[in-house]
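Biologist: I would like to learn how to read strands, sheets and aromatic rings in a model. Could we go through one together, slowly?

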Amino acid sequence: MVSMSETIFSKIIAGEIPCLKVYEDELVFAFLDINPLSSGHTLLIPKEPAPTLDRLSDESAAAIGRVLPRLCRAVMRASDATAYNILQNNGADAHQEVMHVHFHIIPRFPDRPSGQDGLGIGWRTGKLDPDNGAKLAAAIAANVSD
Ligand code: 5GP
């Protein structure tokens, strides 16, 4: 039995806590982030209270996948941003604070480069080791299931 979480986002969906809603349908809900990293910072969440993406049902995942690009277009049009990041944190070690799946849509502006609009991205890459990489790819492939 998968345990699901009751969080502040469940209360927002239920209307028990106010928010600035931008979209809602049977399966998903979207609203402005209360502490935006940039103007137009929007959160898209499934109504299903799954804590992390790997726990989300296919039905809710499909609903998110259908709405996310539409919402990105709407945020871009409304904010006049030139670019945007989709950020999706899973687990405390990945900076997740609210344990209910959510996708951040974070508009970016040319006059406010990375780090100056609240979102700094460190991208310190390594080099893929061929042997270890082959093992990892095989292990991941073997674990992809329905
Ligand atoms: P996380 O770090 O979990 O990926 O991000 C959680 C996000 O939820 C944060 O950006 C935070 O500002 C936002 N948030 C937390 N509580 C509320 C709330 O009550 N209302 C709204 N609109 N956003 C919230």
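Biologist: How many residues lie between β1 and β2 in the hairpin they form?

Modeller: Please keep in mind that this is a predicted model. There are three residues between β1 and β2 in the hairpin, and the two strands, residues 21-24 and residues 28-32, pair in the antiparallel sense over three bridges. Within this pairing, Lys 21 has Phe 31 of β2 as its bridge partner.

Biologist: What is the order of the strands in the open sheet?

Modeller: The open sheet has five strands in the order β1-β2-β3-β5-β4, with antiparallel pairing. Because β1 and β4 stand at the edges with a single partner strand each, one side of each is left without a neighbour in the sheet. On its way through the sheet, β2 also pairs with β3 (residues 42-46) in the antiparallel sense, over five bridges, and there Phe 31 stands opposite Leu 43.

Biologist: How is a pair of aromatic rings described, and how many aromatic pairs does a search of the whole structure find?

Modeller: In general, one gives the distance of the centres and the angle of the planes. The search finds two aromatic pairs. In the pair of Phe 9 and Phe 31, the ring centres are 5.4 Å apart and the planes stand at 80°, so this pair is edge-to-face. Since Phe 9 lies in helix α1 (residues 8-14) and Phe 31 in strand β2, the pair ties together parts that are 22 residues apart in sequence.

Biologist: Is Phe 31 buried or exposed?

Modeller: Phe 31 is buried, at 3% relative accessibility, and Phe 9 is buried too, with a relative accessible area of 6%. Together with Phe 29, Phe 9 and Phe 31 form one aromatic cluster.

Notes
Residues are numbered from 1 along each chain as its sequence is written. This is a predicted model: local features need pLDDT of at least 70, side-chain atom pairs count only at pLDDT 80 or more; totals for chains, interfaces and linings use all residues. Side-chain values use heavy atoms; hydrogens and water are left out. Two strands pair if DSSP finds at least two bridges between them. Helices (H or I, at least four residues) and strands (E, at least two) are DSSP runs, numbered from the N terminus. Rings of Phe, Tyr and Trp (its six-membered ring) pair if their centres lie within 6.5 Å; planes under 30 degrees apart count as stacked, over 60 as edge-to-face and the rest as tilted. Buried means under 20% relative accessible area, exposed over 50%, partly exposed in between (1.4 Å probe, protein chains only).
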